[in-house]
Amino acid sequence: MRWTQRLRGAGTVAAAAALLGGVLAAPAAHAAGPRDGRLTDLVNPFIGTENEGNTYPGAAVPFGMVQFSPDTGHNTGYDYSQNHIRGFSLVHLSGVGCGLGGDLPVLPTTGDVTTTDYARYEAEFSHDDEKASPGYYKVGLKTGIDAELTATARTGVQRYTFPATDKANVLLNAGQSLHSTASTKVEILDNRTVRTAITGSGFCQSTKPYTVYTVTRFDRPFTTSGTWHGDTVTEGSKESEGSGRNGAFVRFDTTEDRTVEATTALSYVDARGAALNLRSEGGRSFDKARDKARRAWEDRLDDVRVRGGDETLRRTFYSSLYRSFLAPNIGSDADGRYTGWDQKIHRTASDGGFTYYQNWSLWDTYRTQSQLLSLLAPREARDMAISVIRIDEESGWLPKWGYGTVETDIMTGDPVTPFLTNAYQQGLLKGYEERAYRALRKNADGVPPADSPAVGREANKEYIADGFAPYVKGRPHAKPGDSDYDHGASATLEYALSDAMLAEMARDLGHGADAARYAERAQNYRRIFDPATGFFRARDASGAFTGPDDPARSEGFHEGTSWQYQWLVPQDLPGMVGLIGGKQAANDRLDSFFAYDQLVKDPAKTAREVWVNGPYDYYNADKYNPQNEPDLIAPYTYLSTGQPWKTTDVVHAALTLFTDTPTGMTGNDDLGTMSAWNVLSSIGIFPVQPGYATWGLSTPVFDRVDLTLDRRYYPRGALTVTAPGTSESNRYIRSARTDSHAYGRTYLTTDALRATRSLAFTVGSDPSDWGTSADAAPPALN
């Protein structure tokens, strides 16, 4: 259903307004300030808002469709170093690297409306007059207006406190977003309601158009209103439509009642969906909506209780936990309808009722965040996996990097396979196993046709025939987005990883021939190993090694070098170690990679001055890059080389990069990827074989962590991880116990976690022989 179709039972503007009537209650008094002891008080939403962390400080609820946040002119929304706000818009993604979202920036002003460009009417502010907490944002503008934001799952709720004036305006700018806006339509339905439709494309300019629909209902009538198109403002106008700047203003008399509240509902389906979302989730005062959002976050954060560590460490941890629950995002409306990737309207009821999710930064999240959600939010994670299966069934192919209702084809490899096999291994696909497998098998063995927006495994024909994806310089991109041919070496490693994970799922489901075939292909990482250099290296279309032979200057690797990608063989680290020359050679290379001798003398300085080269400096390096995804697993390689204490050394050094400041994010957060790395590494359990059920162990940074788990997936209902006395100087595992049993391995399986109530570490100031026995390391798959 599109904009030209009517709201059900509302054939006129007046009828449509009547459908929305009575949604908002009268404004309530301001609630009291935060109380002591709440976990939400430990969250700092400003972490990562500077130095290209690209997070946002605004209001959202866990996995909500709406992220109501200020935009300061940065291409992804908010930059802490800037001091002007262009508007408070509805859609943001935490830590993305390209501009997208920013739909319907809304800004309160006073006086006459004389300009329509938000870069000109932006409002100055100071961080001294700004605060944020989960589900709430407030700022005092230099114009004398206070703005407050909160959210429900599908609505953004706003409250503005104006000076005494008869020209208190709220500007609703439909035509300017963070992405490219193709066309917009604005309708003033009555003296309390404004409706918009915004069609645009975004994320590295690689998506097909999509449309978001909004309806905004104010808590009291406005005295006058109008629209604008381009530079022309027309008071009294009820509609405006077209490309370019397009919007509406509404005006209030605040000489006596200085407060204005409004609720804006969002839908990716149609105008009726936005209206139904408003009816379903509106009707509360601002204070009640804010309190409900805080309770939702308190309930989510309360599933992880930590003891020990100083307040800064706890704030950094809970802030990372908070960001881990910001995405993926609800895509279905309150009535269960959603727009699929075939651009048709579907219903969740056709699959027994589930919540449809969207926004898939899979190249990033398959390594950390999807596993964290399977542990702490398995019900939502199950619906997320079902949503990805539905994308295949409705559009013909699985996603790679999905935004809203469209594919972006950003990043390379095959990240959707370990995402879905992880869901299978964690027990989240009961009843969907074969549907998921059919989609994965098609994806693993084919290439989407030219008329499909999906690029899939673009180099799969050559990979299957020759055992590697070729690196072809200058090859024109067949579709918008990234191309696997530009990154043939890393694509080969990612395909092989995915094949290994799919082989395990195929074997479990009884597809023996497929399992053998995928297991054989999982060894294709060997096809790009160059014995002359001892590193992985790209091959051209003829099969010859290509590019510089210096692994620090290698070509054909996506956002990394051969040094950083050499450890991305989690399916067969023993085989990889054998290629290098054995455990001693591997440990020597790891020590060089992590600058280990410097690290043990000064971990924080090594992390900041030897490892880190800048948020987008991916190439020409022979050291660990903790700001980017390709070697997030690399610190855990020591678990497989007989020196597990070095994993703790490296992990704890990397954790120093996460701080309680606007620059306290390492790299882009990428929809919770880096945050989830921080959370899992701080707890001491990490998914060392993404797409499978293996959790590597290292020393926690807290004396005790109590996890409350869903009994449907974890029958014990809880897991307690303890490491009494853990500290910077007391960080080495001396022994471990699972419940009452001594435990000497450096990993646990998901089945073992389900059967375990307590994981207890004894720590000391010196390394020990714990985890060094022949059977201690995570085994190779297949």
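Q: What does the side chain of S681 make a polar contact with?
A: In this predicted model, the S681 side chain makes a polar contact with the side chain of Y636, at 2.8 Å.

Q: And which residues does S681 touch, leaving out those up to four places away in sequence?
A: Y636, V651, L655, F686, S698 and T699.

Q: Where does S681 lie?
A: In helix α20, which covers residues 673-683.

Q: Is S681 buried or exposed?
A: S681 has a relative accessible area of 0%, so it counts as buried.

Q: Before going on, what is the average pLDDT of the chain?
A: The average is 94, and 95% of the residues score at least 70. Over residues 1-35, though, the pLDDT is below 50. That stretch still has 83 contacts in the model, beyond near neighbours in sequence. Where pLDDT is low, the predicted coordinates should not be read in detail.

Q: In what sense do β13 and β16 pair, and over how many bridges?
A: They pair in the antiparallel sense over 6 bridges, with β16 running through residues 246-252.

Q: What stands opposite H229 in β14?
A: T232 does. Strand β14 is residues 232-235, and its pairing with β13 is antiparallel, over 4 bridges.

Q: What do β13 and β14 form, and how many residues are between them?
A: A hairpin, with 2 residues between the strands. In the turn, G230 has a positive phi of about 65°.

Q: What is the strand order in the open sheet of 3 strands?
A: The order is β23-β24-β25, and the pairing is antiparallel.

Q: Which strands stand at the edges, and why is one side of each left without a neighbour?
A: β23 (360-361) and β25 (406-407) are the edge strands. Each has a single partner strand, so one side of each has no neighbour in the sheet.

Q: How many bridges are there between β24 and β25?
A: Strand β24, residues 401-403, pairs with β25 over 2 bridges in the antiparallel sense. G402 stands opposite E407 in β25.

Q: On to the backbone. Is the peptide bond from A327 to P328 cis or trans?
A: That bond is cis, with omega near -5°. P328 has its place in the loop between α5 (311-324) and β19 (329-330).

Q: What about N359: is its phi positive or negative?
A: Phi of N359 is positive, near 80°, in a residue other than glycine. Most residues other than glycine have a negative phi, and most peptide bonds are trans.

Q: Where is N359?
A: In the loop between β22 (357-358) and β23. N359 is buried, with a relative accessible area of 5%.

Q: And what is the phi of N782?
A: About 65°, a positive value although N782 is not a glycine. N782 is found in the segment after β35, a strand of residues 758-764.

Q: How accessible is N782?
A: Its relative accessibility is 37%, so N782 counts as partly exposed. N359, by contrast, is buried.

Note on methods:
Residues numbered from 1 in each chain as written. Heavy atoms only, no water. Buried < 20%, exposed > 50% of the residue type's maximum accessible area, 1.4 Å probe, protein only. Polar contact = N/O pair within 3.5 Å; in protein donor to acceptor, adjacent residues only side chain to side chain. Contact = heavy atoms within 4.5 Å. pLDDT = per-residue confidence, 0-100. Pairing = 2+ DSSP bridges.
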